[in-house]
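Hi there,

Here is the structure I promised to pass on.

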Amino acid sequence: MLTILNIFENRDVLRSTYTPDYLPHRSDQVRALATVLVSALRGETPSNVLIYGKTGTGKTAVAKHVGQELERTGELYGIPCVVIYINCEVVDTQYRLLASLARHFDREVPMTGWPTDQVYSEFKNALDSDKRIAIIMLDEVDKLTDKGDGVLYNLTRINSDLKKAKVSLIGITNDLKFTEFLDPRVRSSLGEEEIIFPPYDANQLRDILQERAKMAFKQGILEETVIPLCAAYAAQEHGDARRALDLLRVSGEIAERAKSAKVLEAHVKQAQEKIEIDRVVEVVKTLPTQSKLVLLSAVLLCYDGNITTGEAYNIYKQMCRIIGIEVLTQRRVTDLISELDMMGILNATVVSKGRYGRTKEISLSVPIDSTRKVLFEDYRLKPLEEYRPSSQTKLYA
């Protein structure tokens, strides 16, 4: 008979999709956004708002929280306020966005097939069929502009086409430079108001975790050092609350699987390792083949310590010939190494070799064995599984 030890009261409280009623250390941002949107309750059109901040700084949680309060208050006073949240990482084209908006107002729009201006008209007419104020929240709004900013241009100008309804846009992004690539007219309309979300520090993350832990776990389940350790790990990751919540949840899941009566510091350390490996797996899986080959050359050589770009390039060339893939120039491979460095997969440091000039020394910033395993899941790299670099590689690099 299986005995299930349940240490969670409600684990969903620790997921990024959960919107809490109280947001520690974000009262200034809540107030700033509420001050802009409150004009909707007077029947006026609120200014458009751009919200900036790194991942896990509470942007989405604050926007959703204020949106929910606005709808609730509007209902109380009989003022029709509609808040629509759209994640532009998922709904990433002009057509899909307009179709989603139209469907929100019960219009049947196919996911493909109509001219875009027809979908826009369908949405506009559905919206304008009643007197109301619609707040459209576009999370990851920068993903929408990868294919042009036409849809933002239309949405920022839609009020001039509406007779009954009014629209306000809230753009949420972690790309501080994203507006630089917008049409100047879109930039000025979309960013009428700007709210910046700074990263959390370790103490603030501890407060956030303590709030959520009260709802997430049964009483007395967490060892005293668990929350401070989760907060400290996440503070190193640019103050990312999402990372802190994931760490706490995964620590609990590891403790549960181990049939432990408490969540211990050791479980947090295991969770940190697991999350790091999962992150690496996701990043490595999506790399282009050439980048995977460059990474594999580093993986195969890093067992012997740090390596140079020249050594990595020699291995890379051999592997390209074995699997019949075009060999890039050393300069291009050096660029790929720099990209992997920026992603946090490799660490490339320029070192001086005296009269022999300068080179880059490479070390891996990710676990070797799990990275190797993920790379060989790619069928194109599979034939290299038995390949071993020649012992001469380092000598003649």
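Below is what turned up, taking a helix pair, then a loop residue, then the cysteines.

Please keep in mind that this is a predicted model.

Let me begin with the helices. Helix H3 covers residues 94-104 and helix H4 covers residues 116-127; the two pack with their axes 8 Å apart, at an angle of about 25 degrees. Angles under 35 degrees count as roughly parallel, so H3 is roughly parallel to H4. The crossing in which H3 passes H4 is left-handed. On the H3 side, the contact is made by Gln-94, Tyr-95, Leu-98, Ala-99, Leu-101 and Ala-102, while H4 brings in Thr-116, Val-119, Tyr-120 and Phe-123. Sorted by class, the contact of H3 with H4 has 8 nonpolar and 2 polar residues, and no charged ones.

Next, the loop residue. Ser-39 lies in the loop that runs between helix H1 (27-37) and strand S1 (49-53). Its relative accessible area is 8%, and buried means under 20%, so Ser-39 is buried. Leaving aside residues up to four places away in sequence, Ser-39 touches Glu-44, Thr-45 and Pro-46.

Finally, the cysteines. How many disulfides does the model have? The count comes to 0 disulfides, taking a disulfide as a pair of cysteine sulfur atoms within 2.5 Å. Cys-88 counts as buried because its relative accessibility is 0%. Cys-320 is also buried, with 0% relative accessibility.

Key
Residues are numbered from 1 along each chain as its sequence is written. This is a predicted model: local features need pLDDT of at least 70, side-chain atom pairs count only at pLDDT 80 or more; totals for chains, interfaces and linings use all residues. Side-chain values use heavy atoms; hydrogens and water are left out. Buried means under 20% relative accessible area, exposed over 50%, partly exposed in between (1.4 Å probe, protein chains only). Axes are lines fitted to C-alpha atoms, for helices over the stretch in contact, and angles run from 0 to 180 degrees between N-to-C directions. Helices (H or I, at least four residues) and strands (E, at least two) are DSSP runs, numbered from the N terminus. Angles under 35 degrees count as roughly parallel, over 145 as roughly antiparallel, 65 to 115 as roughly perpendicular and the rest as oblique. A crossing is left-handed if the near helix is turned anticlockwise from the far one by less than a right angle, and right-handed if clockwise. Contact means heavy atoms within 4.5 Å. Ala, Val, Leu, Ile, Met, Phe, Trp, Tyr, Cys and Pro count as nonpolar, Asp, Glu, Lys and Arg as charged, and the others, Gly among them, as polar.
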